[in-house]
Amino acid sequence: MHFARNTRLSCRLLAAHKLRTLLSLAGVVVGVGAVILSVSVGRGAEKRILDLIGKLGTDLVIVNAAPARLMIGRQRTVATVTTLTAADGRAIAEECPHVLAVAPAVRKSLVVRWESNNTTTAVTGMAADGFLIRNIPLASGRPFEADEDRARRRVAVIGPTVAKNIFGKVLPVGQQIRIGRVPFDVIGVTRRRGLDANGTDQDDIVLVPLETAMRRLLNIPYIETIYIRARGSRWIDQVEREVRALLRERRRLTEGRPDTFTIQNQMTLLKTEREAARSMTLLIGSVAGISLLVGGVGILAVMLISIRERTREVGLRRALGARPRDIRIQFLVEAALLAGVGGILGVMAGLGATRAAAVLGFRETLMSWPAAAIAFAFATTVGIIFGIYPALRASRLEPIQALKSE
Amino acid sequence: MIEVENLTKNYTKGSIVTEVLKGISFRVDKGEFVAIMGSSGAGKTTLMNILGGLDKPTGGVYRLDGVDMARAGEEDLSRIRNRKIGFVFQQFYLLDRADALKNVMLPLIYADGNGSGAARAEKALATVGLAARKGHLPAELSGGEQQRVGIARALVTDPLILLADEPTGNLDARNGLEVLAIFQRLHREGRSLVMITHDLAVAEHARRLIVLRDGRIADDRPILRPRDAETALRLWPDGPGAGPG
């Protein structure tokens, strides 16, 4: 059989039945497109998390005052606990050999005012090292320093969201704001960082020196959080062990009693998030994969209908010398052509949908070419597999009966 | 070339056996133009299917070009149909969605050998006088032209024999004559033809007449003074070449 010649003729015959051909393709197009879109969105989420890991630094350990509670599968700290102190922070800095820097912090939601504008935001009091440890870059102005912390100076660094909310277009640096009733000088604005892994706006913040916050703003002797930077990301587990051992010793916790504090290793936390994003991608991807299978059924149905319609053509071809095998190959090739064209259109649809999703700001997306290739290969395979049965049926037609059929 | 000896064909439906061919013997030599005539139910279509390798006899011998067709497998029969037989059907059986040239090329898909299929198909179309209409779809051709495309398709593989089953059955008289004129010209050029018909006027264009009656050969004689289709066309009231659009 002249394969190329027959394939060209098949193309022509399929193209002649435009509507039917397009309908049979629809399932595959949607299936492939859906796989690509879902994987792209999923990979976008993954990338976002990976970026966060990069931004935070992978050598960050966070101690929280409250013991860990597992809520909806995630670690949460609850209630106000007053047992963590700045002294714990100093002890960690001095006694844990793999710790590079320590920044204790407190946080409270407070009203911030400038002239007649006000906004409620998360006010964090933290040691000056916190800028370095938490990797908070400034867009303008300067961070506060350790001297200013010791002197309990009333200086503040604000996030861009806060700046926009209370200053509008006025330059914030040099202005005086009130946090609660206490006046503060704005000395810097942080660079835009966007949402964190939990969806909290990292730009809706005000940072003030820790001592200032504890003594002048909140009037509390305890702290909530200690940010710790390890000497390198490979020491991160070591740091976690050292800090845990030290804090347990300082609290005289005997063996077997649970921690009264929480240590979060930022890397593990984000890894977990990434795993979650991955399995979500996989889940959506498999659902889309099933729709691809349904697309294959579409091809099967259309092929069976087309064989019914083309019985006489099969009879004619048999009379003109086509062997059953030639008929089988022809219908398999047609199924593969349908699936292949559907696959290509699907890849294009997936690309378009991915781009559209990104443009609409629905999600960060990342086009996945391997996923596109797999979806395309899968579509073609499904098409061929679902083409086998119609092809066998066509090849088993008796030429005389087939020719006589109407 | 065609040797048929004591050929029988029975159809079995449940316990009822119907004898359609009851022992037929004849031979067709190269270059003959034979008409097989009979009323419906005489077994002529069954005989045609067997001659064309589309069906197998129940008993007897059928040899085409020395090959025992009763013993040939499906693969061999397909090959023989492709290379040695050219079918012309009553209903033309053209692919609606393919133009005349593509239709004529269809058997070449299953043929050996390379070379331009399009060139061979164009030559075959020229033989039936349709070279100018190669790009037309069947729907754009008249019935007579469609049948001529069918003849071109039968000729494109350069077969040993042309088998025509009621080739004029779906055509008006004038278009029928045009088809018969082509057959007579092919016969003069040395082609072998077997034509099945129920119409004596059509059969009389051949050079030999085999009459089937009730599954047996009732008559087998040469036609001494065959009708001449071209003459009839010349004498046609509207004049030659004025067939329906």
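In this predicted model, B:Leu212 stands opposite B:Ile217, a residue of β10(B). The two strands concerned are β9, residues 208–213 of chain B, and β10(B); they run antiparallel and are joined by 6 bridges.

This pair belongs to an open sheet of 6 strands in chain B, ordered β6-β7-β8-β3-β9-β10, with mixed pairing. Strands of a sheet pair through backbone hydrogen bonds, in either a parallel or an antiparallel arrangement. In chain B, β6 (85–88) and β10 (216–222) each have a single partner strand and stand at the edges, so one side of each has no neighbour in the sheet. On average, neighbouring strands of this sheet are turned by 15 degrees against each other, direction ignored.

Helices pack on the sheet as well. One of them is α1 of chain B, residues 44–51, which touches β3 (33–37), β7 (161–165), β8 (192–197) and β9 of chain B. The direction of helix α1 makes about 150 degrees with that of β7(B). Another is α5 of chain B, residues 143–155, which touches β6 and β7 of chain B. The direction of helix α5 makes about 170 degrees with that of β6(B).

Chain B also touches chain A: 22 residues of chain B are in contact with 21 residues of chain A. On the chain B side of this contact, α2 (74–83) and α3 (100–109) each supply at least two residues. The helix α2(B) gives the most, with 6 residues. By type, the residues on the side of chain B that touches chain A comprise 11 nonpolar, 4 polar and 7 charged.

Key:
Residues are numbered from 1 along each chain as its sequence is written. Chains are lettered from A and ligands numbered from 1 in the order in which they are written. This is a predicted model: local features need pLDDT of at least 70, side-chain atom pairs count only at pLDDT 80 or more; totals for chains, interfaces and linings use all residues. Two strands pair if DSSP finds at least two bridges between them. Helices (H or I, at least four residues) and strands (E, at least two) are DSSP runs, numbered from the N terminus. Axes are lines fitted to C-alpha atoms, for helices over the stretch in contact, and angles run from 0 to 180 degrees between N-to-C directions. Two residues are in contact if their C-beta atoms, placed from the backbone, lie within 7 Å. Ala, Val, Leu, Ile, Met, Phe, Trp, Tyr, Cys and Pro count as nonpolar, Asp, Glu, Lys and Arg as charged, and the others, Gly among them, as polar.
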